[in-house]
Every structure is written in C-alpha cells, then in structure tokens.
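User: I am new to reading protein models. Can you take me through this one, feature by feature?

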Amino acid sequence: RVRRQRQMCIRDSFNIIIGIIITASILITSGTVLYGTGTSVNGALTFTKSLEPVLGSWARVVGDIGLLAAGLSPAIAVGFTFKTIFSALFHWEGGSSCTKAKLLAIIVIVFGTVLAMVNTSPAAIIVAAQAISGFILPFIAILLLVIANSKKLLGNYTNSVIRNVLGGIAAVATLGLAIRALYNLITTLAK
C-alpha cells in the first residue's frame, strides 16, 4: 500500500512539473515574441499573435486549440485528484480505478466544462474558483495535518515534528489569508 502511494506521489509530481514547464514555456515564449511590439495583453488570445509569423491565418485556430487544451488540462487534473482523494478517503474497493471514482472524475470534468460554456466570463470563473479554494484550503490543510498524524491510518509513517511545525505554519497562513479575504469581501459588499 505504501509503495503504491509513493508511486502515485511520484506520478502526480511528474505531471505537475510537466504542467508547470508547459505553462512557463508558453508565457516565456509569448512574452519574448510580444515584448517591445507595443501589444497590450487584453485576453488569452493575444498570445496567438506570437504564432502569426510562423502560422499566418492558422495562428488563431492553433491558439484556440491551445486554450481548449489549457482549459481541459486542469479540469482533468482536478477530476483525477478528486477520484484519487475520495477513493482513498472512503476506502472504495478498487481504489481510484473503481467505477465510483471514475464517475466522480467525469462529474467534476463535466461540471467544470458546463460552467465554462455558460455565458460567464473566464475571469469571473477563475476568480470564483480561487475564492472558493481560498476558503476551503485552511480546512484541507488542517484535515491533512490530522490525517498525517493518525497512527491508526499511517502506522509508523506519521509526520515528524518538523513536518508538523511546517504544516502548522501553512495551516495558520492559509487560515489568515482566508479570514483576510472574507474581511475584504464583507467590507466590499458593505459599501
């Protein structure tokens, strides 16, 4: 079981690193091509202009496909994460490969896709998702600390003192950020 969890951790870390490299490559390349041209970035499609010297009129099509892939990539990652976490949390028979887990992943992906297709600005969706994440993150951090210290669940693999201190700092920091965001939201609504 521990070996399987390590393999999953390595696989997930690899996928995250690849995603970061792809995102950084796109931003660096586009920024390099657009720098000094006087182009103001008003939306995601502005970056397709960096493809025009090579692709001509096809730059917009390739840019649209890239944006679609960029949108689906995190949706699939979130679906994968949900199915992995829930299958482990609820001890589903078959783990993240069971029907329940796959169905959960599909529901998450479909929900995100439908939300993106509704007449909502992408910026509003991103802001809402980040706000929700910001409020949920402290509870997840605290839950992870509790689970990481459960001898019943992890046996000899529980957190060390240094990991608990670092986890506690992270939990307090995320809680502080969530309280600050809530305060800002309330003061903005009160005006």
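User: Where is the place of serine 96?

Analyst: First, a caution: this is a predicted model. To place a residue, find the element that holds it. Serine 96 sits in the loop between H3 and helix H4, which covers 99–117.

User: Is serine 96 buried or exposed?

Analyst: Look at the relative accessible area. Under 20% counts as buried. Serine 96 has 17%, so serine 96 is buried.

User: Which residues does serine 96 touch, not counting those up to four places away in sequence?

Analyst: Serine 96 touches Lys83, Thr84, Ser87, Ala101 and Lys102. Leaving aside neighbours within four places in sequence, threonine 84 is in contact with Met8 and Ser96.

User: Where is the place of threonine 84, then?

Analyst: Threonine 84 is in helix H3, residues 59–89. Threonine 84 has a relative accessible area of 11%, so this residue is buried.

User: What does the side chain of threonine 84 reach?

Analyst: The side chain reaches the backbone oxygen of phenylalanine 80, at 2.8 Å.

User: Let me step back. How many helices and strands does the chain have?

Analyst: Count the elements, then read them in order. The chain has 7 helices and 0 strands. Along the sequence, the pattern is α-α-α-α-α-α-α.

User: What share of the chain counts as buried?

Analyst: The chain has 191 residues, and 16% of them count as buried. The accessible surface comes to about 14400 Å². Carbon and sulfur atoms hold 72% of that surface.

User: Which residues form a nonpolar patch on the surface?

Analyst: The patch is made of Phe14, Ile17, Ile18, Ile21, Ile22 and Ile26. Together they have about 570 Å² of accessible area. One of them, isoleucine 26, lies in helix H1, residues 2–34.

User: Now charges. Why can side chains pair up?

Analyst: Side chains of opposite charge can pair when their charged atoms come close. By the rule used here, the count is 1 salt bridge. Aspartate 64 forms a salt bridge with arginine 60, and the closest N and O atoms are 3.3 Å apart.

User: How many residues apart are aspartate 64 and arginine 60 in helix H3?

Analyst: They are 4 residues apart, so about one helical turn separates them. Next, check the cover on each partner. Aspartate 64 is partly exposed, with a relative accessible area of 34%. Arginine 60 is also partly exposed, at 46%.

User: How many aromatic pairs does the structure hold?

Analyst: The structure holds 3 aromatic pairs. In the pair of phenylalanine 82 and phenylalanine 86, the ring centres are 5.7 Å apart and the planes are at 15°, so the pair is stacked. Planes under 30 degrees apart count as stacked. Both residues lie in helix H3, 4 residues apart, about one turn of the helix.

User: What about the rings of phenylalanine 86 and phenylalanine 90: what are the distance and the angle?

Analyst: Their centres are 5.8 Å apart and their planes are at 40°, so this pair is tilted.

User: Which residues form the aromatic cluster?

Analyst: Phe82, Phe86, Phe90 and Trp92 form one aromatic cluster. Read the cover of its phenylalanines in turn. Phenylalanine 82 is partly exposed at 34% relative accessibility. Phenylalanine 86 is partly exposed at 29%. Phenylalanine 90 is partly exposed at 47%.

User: And the backbone? What is phi of histidine 91 near?

Analyst: Start with the general rule. Most residues other than glycine have a negative phi. Histidine 91 has phi near 50°, a positive value in a residue other than glycine. Histidine 91 lies in the loop between H3 and H4. The relative accessible area of histidine 91 is 52%, so this residue is exposed.

Notes
Residues are numbered from 1 along each chain as its sequence is written. This is a predicted model: local features need pLDDT of at least 70, side-chain atom pairs count only at pLDDT 80 or more; totals for chains, interfaces and linings use all residues. Side-chain values use heavy atoms; hydrogens and water are left out. Helices (H or I, at least four residues) and strands (E, at least two) are DSSP runs, numbered from the N terminus. Buried means under 20% relative accessible area, exposed over 50%, partly exposed in between (1.4 Å probe, protein chains only). Accessible areas come from the Shrake-Rupley method with a 1.4 Å probe; for residues, only the protein chains shown count as cover. Patches are made of residues with over 30% relative accessible area and no salt bridge: like charges are joined within 9 Å, nonpolar side chains (Val, Leu, Ile, Met, Phe, Trp, Tyr) within 5 Å. A salt bridge is a side-chain nitrogen of Lys or Arg within 4 Å of a carboxyl oxygen of Asp or Glu. A polar contact is a pair of N or O atoms within 3.5 Å; within protein, one must be able to donate a hydrogen and the other to accept it, and residues adjacent in sequence count only if both atoms are side-chain atoms. Contact means heavy atoms within 4.5 Å. Rings of Phe, Tyr and Trp (its six-membered ring) pair if their centres lie within 6.5 Å; planes under 30 degrees apart count as stacked, over 60 as edge-to-face and the rest as tilted.
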